[in-house]
Amino acid sequence: MSFPIVRNRRLRASAAMRNLVREHAVSVNDLIYPIFVTHGANVLNEIPSMPGVYHYSLDRLEEEIREVVSLGIQAVLLFGVPHEKDAHGSSAYDPNGIVQQATRRIKQWAPDLLVVADTCLCQFTDHGHCGVVHVDQAKGTADVRNDPSLELLTKAAVSQAEAGADIIAPSNMMDGFVYAIRQGLDAAGYEHVPIMSYSVKYASSFYGPFRDAAHSTPQFGDRRTYQMDPANAREALREAESDIAEGADFLMVKPALAYMDVLRMLRDRYDLPLVAYNVSAEYSMVKAAAAQGWIDERSIVLETMVGFKRAGADLIITYFAKDIVRWLQA
Ligand code: PBG
């Protein structure tokens with residue numbers, strides 16, 4: 001008896017055939033572009049470890065926003081790089097903080113462009129942690145206090161919504177942060193503003209270039225008491241589950257590349273829009289290798305993006321967003 005050969009190649013015979021049977025694609029509508037905003041005038045500083053990514057002062061931001069809009073990108077994610085830092089991160093919830101000012105401007109220039117505001121304290125605290133730190137001099141210990149941090153994070157979220165942010169994206173990983181922020185937004189009349197929760201955020205070395213960029217490296221200790229252990233996957237389900245119960249509208253997995261299994265698990269288990277954050281070191285590694293001529297940047301990036309989609313992501317936050325749109329148009 002002869003064994004029948006399975007003719008899988010039939011569906012790969014031509015470009016048209018491959019297009020016809022393609023399962024996943026990246027579209028401009030899937031992309032969220034992160035932008036770093038800072039004080040001062042005429043600031044356009046490239047971040048050394050992230051070529052092509054800049055700090056913008058507000059007077060240099062308009063041009064960038066116009067470019068983003070002209071490419072058809074639907075959303076930007078704002079990160080503030082403030083001048084003033086203190087123990088309580090007060091510039092995170094100052095109505096005239098840098099993120100609030102940038103949000104108001106962007107909504108004037110481009111009312112339809114969605115502004116996603118990252119809600120965290122680490123860029124705004126002098127110690128660089130994502131919450132309030134309690135120092136015990138006698139014991140020589142310092143720890144991040146959960147519930148007092150929630151109050152400040154809620155204030156930050158409300159002030160971002162007041163400034164016009166369309167989506168609040170809390171990245172702090174305190175317990176109960178989605179519930180606290182949801183309550184705060186509702187009480188202030190922002191029931192319609194969704195929360196894109198950084199539900200599954202690992203304590204990762206892939207944030208290194210971002211921390212240089214945002215000057216948010218912890219001055220002591222690390223984030224392992226609030227961010228997740230990279231060795232854990234089931235814990236991601238518990239984090240997602242609690243965020244959904246607390247009122248999250250989007251779930252996120254961060255970083256993305258080393259955590260594709262987690263994206264898939266969340267996609268299989270939950271129905272909310274799922275976001276993959278293609279973080280700073282994932283960007284820097286590609287840029288560095290491409291600059292050496294060791295890899296083809298365009299095809300490596302597009303392959304990675306379709307990989308995120310295949311793993312289950314609906315949306316991708318990526319520093320490559322503008323490049324991707326140009327490549328898709330070409
Ligand atoms: C703030 C925050 C971080 C990133 C996004 N929001 C850094 C961190 O948790 O230390 C990292 C993003 C990136 O690496 O691109 N909490």
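Modeller: Let's start at N42, which is found in the loop between strand 1 (31-38) and strand 2 (44-47). Strands here are DSSP runs of E, at least two residues, and helices are runs of H or I, at least four, both numbered from the N terminus. This is a predicted model in which local features need pLDDT of at least 70, side-chain atom pairs count only at pLDDT 80 or more, and totals for chains, interfaces and linings use all residues. Residues are numbered from 1 along each chain as its sequence is written, and side-chain values use heavy atoms, leaving out hydrogens and water.

Biologist: What makes N42 worth a mention?

Modeller: N42 is not a glycine, yet its phi is positive, about 55 degrees. Most residues other than glycine have a negative phi, and most peptide bonds are trans.

Biologist: Which peptide bond is cis?

Modeller: The bond that joins K254 and P255, with omega about -10 degrees. P255 sits in the loop between strand 10 (250-254) and helix 8.

Biologist: What makes helix 7 and helix 8 parallel or oblique?

Modeller: Here the axes come within 10 Å and cross at roughly 45 degrees, so helix 7 and helix 8 are oblique to each other. A236, L237 and A240 in helix 7 meet V262, M265, L266 and R269 in helix 8. These residues divide into 6 nonpolar, no polar and 1 charged, where Ala, Val, Leu, Ile, Met, Phe, Trp, Tyr, Cys and Pro count as nonpolar, Asp, Glu, Lys and Arg as charged, and the others, Gly among them, as polar.

Biologist: What makes a space a cavity or a pocket?

Modeller: On a 1 Å grid over the protein atoms alone, a cavity is a set of points where a 1.4 Å probe fits but cannot get out, while a pocket is an open set with protein on both sides within 12 Å along at least five of seven lines; lining residues have an atom within 4 Å of a point. The structure holds 1 cavity of 30 Å³ or more. The largest cavity has about 140 Å³ of space, and among its 17 lining residues C122, K201, Y207, F210 and K254 are the closest to its centre. The largest pocket has a volume of about 170 Å³, a volume being the space filled by probe spheres set on grid points joined across faces, edges and corners.

How values were computed
Axes are lines fitted to C-alpha atoms, for helices over the stretch in contact, and angles run from 0 to 180 degrees between N-to-C directions. Angles under 35 degrees count as roughly parallel, over 145 as roughly antiparallel, 65 to 115 as roughly perpendicular and the rest as oblique. Contact means heavy atoms within 4.5 Å.
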